[in-house]
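Subject: Structure handover

Hello,

Here is the structure for you to look over. My notes follow below it.

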Amino acid sequence: MKTSLAVFAAAFFALAGGAPAAGAQTIRDDLGRPFVLPEKTPARIVSMAPNITEILFALGLGPHVAGATRFCDYPPEAQAVPRIGGLVDPNIEIIQSLRPDLVIAFRGNPLRILERLSDLHLPVFILDIGNGLDALYPLIERIGQVTRRESEASALAASLRARERSVESALGVVVSKPRVFVFLYGQGLWTCGGQSYLNDVIIRAGAVNIAAPLPKKWALYSRERIVRDDPDAVFVLAKSSADFAKARVWLAGEARLGTTAAVASGRVFLLDENAASRFGPRLVEVLAAMARALHPERFGGRP
Amino acid sequence: MRDRARLRLVMALLVLLAAAGFLVSLLVGPARTSVGDLWRFLAGKDREQAVIFLDLRLARAVVAFLVGASLALSGAILQGYFQNPMADPFVVGVSSGASLGAVLAIALGLRASFLGFSGQSLLAFASGLGIVALVYALSQRKGLFKIETLLLTGIAAGALASALTSFFLFMRSDSFDQAVFWLLGSFQLAGWTEAWAVGPWLAVCLAASLWLAKDMNLLVLGDEAAQALGCPVRPVRRAFLVVASLLASLSVSVSGIIGFVGLVVPHGVRLLIGPDHRRLFPCAALAGGTFLLYSDLVARTILPSELPIGVITAAVGAPFFLYLLHQKR
């Protein structure tokens, strides 16, 4: 009787197809949804955000990436990967046609689209965007876990952490912290608020973000506030040095910020927008660049 | 007799157009598929593309068709109800009201369901019905509807509902795509669940409106004349109001606000086959479904990334609306 029940149950699970393979481990993604850990590294990964693509390539998974967004341009090899659309407008049909065995998404993707992908029985793993460098290393390890590249991920996280520490020890204790304004060049005075990971990077670079009181990730800042706050330095997130040159002209001219200490003294610096606007491995280099620009004396340069 | 032949011709043409639309919908999409692929799939030899053909393209086409049919039928009913060819669920404000209800249900995290309706569709229905009732009450003067009052009340109520919708959406900072969905409509996420949410109710509403179509023909003569001719005016009016709101609200709760379908389609159909509601209702439903099927096809293929479908229907509908307004002068 017992055996027949067991056989029945086995047959039922086999038919239902829902029973995970023996030994398969179920974890939860950052939204708390259950996810069955694959046995080995998935062969066809779809990345739904540029920072995820960068981490996948940094883990040596480039050849496994089957699809990426139209914004995934780093490393340059990523540009050859088939496009699935944008961050908020990924195309479900294209993703399905790529037959992915892993879809890595993030919180900024529309949840309804991710749910639709799950309904089509695609394995979707959703990651949150952290609000500081401390969240970057777990993110990398998490991607390493779902792609079964645990040791590579720990190694990458450890080397990035070491780089971060080297900047930290070079900086030492900063007593007078410059007040900085981060300017995302494009349309209007977009900046990063107190909840953004760049705010954390600014703090770690021994500075203060004048937009930190804004309880947001990205926000529009008013010119009047910048004049009032009078930042000591401005970081322009621009795509190229040509854009950076335009941004400098714009700040002093049209934006009428020529009187602020930063613009008047020429403490306007370029940050690679591509690296700084993504919560990925290059963020540590952004930290180093920022610290070096603000405190050149501590990095062997002249003050 | 000539009328009959004309009706048959129109119906046959619509069915043909719809069939062609479904076929093209199955073939066209960002993932490359050929006629051969579809043939092999239909012959059962190749199930590789099953998800793309059935769960993505066919489901989407079916939902677009059902929503188009619902909106056009709702518009046909409202036009008869208000005795005015300018009425439609969008203009009268039902769509915006329903959208507000749906967004509110999401904001409140309403997950309950009742009689096969999700909390979202129920609240959409309630607020859609609320808006028509409001517009009805405000635009009635001594039993008559003035076009201007009706339109202006509808626009004001719709704008207020849209503003509240935007407010609830922007309270949550991560929902820009949701705002686009609820204010301009999309079938991007349409699947079989949505088809089952709309299909059966469309059938019920179509049956009910056909059953009451004769009474609608009498209502057009004016409430007093209709009453004298044996039409139970008040219950009939109430039934039509509920049916029209139900159709529009269900449509909105699966695809967001899609404007002008309910305006353009019944009007065009009336020009083709005349004002008899017994014919107008089924023809408008069929034509509306076909119209939205093609609109969605354009919306998802014209650009590399998808357009909200409301952009397409408004591009067709708004000039038509202006033309109607001009004719009225």
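Which residues of α4(A) are buried? They are Ile113(A), Leu114(A), Arg116(A) and Leu117(A). Buried here requires 20 or more other C-beta atoms within 10 Å of a residue's own, with C-beta atoms placed from the backbone; 12 or fewer makes a residue exposed, and anything in between partly exposed. These four cover an arc of only 155 degrees around the axis, which puts them on the same side of α4(A). The arc is taken over the directions from the helix axis to the C-beta atoms.

Some ground rules. This is a predicted model, where local features need pLDDT of at least 70 and side-chain atom pairs count only at pLDDT 80 or more, while totals for chains, interfaces and linings use all residues. Residues are numbered from 1 along each chain as its sequence is written, and chains are lettered from A and ligands numbered from 1 in the order in which they are written. Helices (H or I, at least four residues) and strands (E, at least two) are DSSP runs, numbered from the N terminus.

Back to α4(A). The cover over its buried residues includes α3, β5 and β6 of chain A. His121(A) follows the helix, with a positive phi near 65 degrees.

Next, α5 of chain A, residues 136-146. Its buried residues are Leu136(A), Tyr137(A), Leu139(A), Ile140(A), Ile143(A), Gly144(A) and Val146(A). Among the elements covering them are α2, β5 (102-106), β6 (124-127), α6 (150-171) and α12 (283-294) of chain A. Just after α5(A) comes Arg148(A), with a positive phi of about 55 degrees.

Now the domains. Chain A divides into domain 1 (21-157) and domain 2 (176-299). The bounds come from an automatic or database domain assignment. Over C-alpha atoms, the two domain centres are 30 Å apart. Contact means C-beta atoms, placed from the backbone, within 7 Å. On that basis, 13 residues of domain 1 of chain A meet 14 residues of domain 2 of chain A. Helix α2 (residues 50-58) of chain A gives the largest share of the domain 1 side, five residues.

Last, the chain contact. It takes 16 residues from chain A and 14 residues from chain B. On the chain A side, α3 (92-97) and α4 (111-119) are the elements that give two or more residues. The largest share, five residues, is from α3(A).

Best wishes

Technical notes
Two residues are in contact if their C-beta atoms, placed from the backbone, lie within 7 Å.
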